[in-house]
Amino acid sequence: MADPVRVTFLGGLGEIGRNCAAIEVDDRIMLLDCGLMFPDLDMLGIDLVLPDFSWLLENADRIEGCIATHGHEDHTGGLSFLLRELSFPIYGSPLTLGLARNRIEEAGLLDRTKFIAVADGERRDIGPFDVEFIPVTHSVPHGFATAFHTPQGIILHSGDWKLDLTPVDGRLTDLARIGSLSDQHGIRLLLSDSTNADEKGHSASETRVGAVLYDLFHEHEGKRIITTCFASHIHRVQQIANAAISFDRTIATMGMSMKKNVRLAREMGLLDIPERSLRDIDEIGDLDPAKVCVISTGSQGEPMSALALMAASENRWLKVGQGDVVILSSHPIPGNEANVSKVIDGLVRLGVEVVHTGIADVHASGHAKQEELKTLLSVAQPEQFVPVHGEYRHLVAHARLAQQMGVPDDDVVICEDGDSVVLTDDGIERGERVPAGYLYVDGIVGDVGTGVLRDRRVLAAEGVVVVIVAVDRETGAIITGPEVITRGWVYAPEAEDLLDDCAERVRDAIKDAFGHDATDIESLQRVVRRAAGRFVNEQTRRRPMIVPVVMEA
Ligand SMILES: [Zn+2]
Ligand SMILES: [Zn+2]
């Protein structure tokens, strides 16, 4: 009998983002990624969403470390929050660690962790974990799939990956190694990225994008060109830079993270831009605009980003208009479509020519589509399969692909956040569930619950009515008020009568309450809320938040 091995999914199964899984061998826990998610539009005022850390905190002494598969924030952005409470080492490629380090450093938590760099193909023992780091191609360089050699056989986690036979840096997804693991040992459990599982066909090669960019630069000679992509997409930055240099343009980075990442990647030798071709955005004033290529952040339409400010004519470095071309070398991630289209609209209104994926193939996905997913399944030949990373429909689509590729129905398990699976000598079974709700971050962290969000939605949609009244509880006399104050229900200066009538109604209700001896403060507050709420609804058919403030005089 070999010891059972458990995999618990703390995030990323049922949504795009906040990827986080925990693998347990010999009673120790290895985290696999710890990411954040950007909020939906209805999460008012929320900056970020994290995995629920409560299970990890309860099991803090069992945590061996965290493996960061690659440098995207939806895989590493949660670390700077988890490290406030826990301390453990982080393993990853040097670039992944360099990217992950930024936020951790900003949070002042460098002393809570050790960054341990691992190389392509390296196999290493970390506590009871025997882990192999297998290169994969993705939209940030130097990502890994991870193979855990466990007492229950090999668990292979794909990380975020695609099959690109002509990647910009020549670093291929190492299917050969996966094939040989499958041949030699067999792969017990495959966990694979489902982001594009409902997309037919094969993702385009990143180098295809380079050719398209070159053509666009050719077509727009004589105009200023502003491009935008993810700041971590070093290969895209390289291809934009190559096109710019071919047409004798100087490259200027705009936005903090673009500047930082370009510097980091050049230091690591992952980005080849000669010093003479590179400037900072505040140093291009004296250059001919037709000889400039700006590479900016803001490809997701983030409201305060360099590009969004440009579209609103509020960018202090760059005023754009007629004669400028903006190339959005990116695709909006789910939830960001509205922001991106607002930015495009703003730019077009200013007279800018905008090129986006709807117009030219200026982007290639970093995630495997159906044919690639099937290729991995056929090479890995897993005994069991759990689709990871994706909304529910992506997980289901990926599960179907696995069945098509011959994994028996009973061995394909669809899990959601909080679910776990246990591998035993008898097969795969569902394990205990752990808490996995959203941890909302607004400002520092954590104290925003669903109750606060519900209040914010009511406030945003209907406004608030505050009714203040002071009573003498002995005599039942109303000493001051009721005073009715509102924000967002009606505009008070134009609706004084309405507010007076509301106060009148509340006054009557209080008198009535004293008549019935319901005179404790809590009962009076209830009476006030009900009276005001009814009045507001009768008069206006609206349901603002009613806040009764009853004081004892
Ligand atoms: Zn991802
Ligand atoms: Zn990724």
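Author: With that, you can find Asn 19 in the loop between strand 1 (5-11) and strand 2. What you're looking at is a predicted model, where local features need pLDDT of at least 70 and side-chain atom pairs count only at pLDDT 80 or more, while totals for chains, interfaces and linings use all residues. Residues are numbered from 1 along each chain as its sequence is written, chains are lettered from A and ligands numbered from 1 in the order written, and side-chain values use heavy atoms, leaving out hydrogens and water.

Start at Asn 19, then. Buried or exposed? Asn 19 counts as buried, at 4% relative accessibility (buried is under 20% relative accessible area, exposed over 50%, partly exposed in between, with a 1.4 Å probe and protein chains only). Which residues does Asn 19 touch, leaving aside neighbours within four places in sequence? Gly 11, Gly 12, Asp 33, Cys 34, Gly 35, Asp 74, His 75 and His 389 are in contact with Asn 19, contact meaning heavy atoms within 4.5 Å. You'll also find the C-alpha atom of Leu 50 at 9.0 Å from that of Asn 19, although 31 residues separate the two along the chain.

Now step along into strand 2 (residues 20-25), which runs antiparallel to strand 3 and is joined to it by 6 bridges. Two strands count as paired if DSSP finds at least two bridges between them.

Strand 3 (residues 28-34) has 6 of its 7 residues buried, so the rest of the structure largely encloses it. Strand 3 also pairs with strand 5 (residues 63-67), this time in the parallel sense over 4 bridges. Leu 31 has Cys 66 in strand 5 as its bridge partner.

Which atoms hold the zinc ion (ligand 2)? His 70 (NE2), His 72 (ND1), His 138 (NE2) and Asp 160 (OD) coordinate the ion, at 2.1 to 2.3 Å. Donors are N, O and S atoms within 2.8 Å of the metal (3.2 Å for Na, K and Ca), and sites may look incomplete because water is not among the atoms. The 4 donor atoms subtend angles of 89 to 166° around the zinc ion (ligand 2), so the arrangement is irregular. For the label, four donors are tetrahedral if all angles lie between 85 and 135 degrees; four are square planar and six octahedral if opposite donors are over 155 degrees apart and all others between 65 and 115; anything else is irregular.

Along the chain, the donors of ligand 2 are spaced H-x1-H-x65-H-x21-D. His 72 and His 138 link distant parts of the chain: His 72 is in the loop between strand 5 and helix 2 (73-76), and His 138, 66 residues away, is in the loop between strand 9 (129-136) and strand 10 (143-150). His 72 is buried, with a relative accessible area of 13%, and His 138 is buried too, at 4%.

Zoom out for the rest. The chain has 15 helices and 25 strands, and its C-alpha atoms fill a box of roughly 85 × 75 × 45 Å along the principal axes. Of the 553 residues, 55% are buried. Among contacts with a separation of 6 or more, 71% involve residues 24 or more positions apart.

Elsewhere, you can pick out an open sheet of 6 strands with parallel pairing, in the order 15-14-16-13-17-18. Strand 15 (278-280) and strand 18 (353-355) are its edges, each pairing on one side only. Inside that sheet, strand 14 (residues 250-254) pairs with strand 16 (residues 292-296) in the parallel sense over 5 bridges, and Ile 251 has Cys 293 in strand 16 as its bridge partner.

Definitions and conventions. Helix = DSSP H or I, 4+ residues; strand = E, 2+ residues; numbered from the N terminus.
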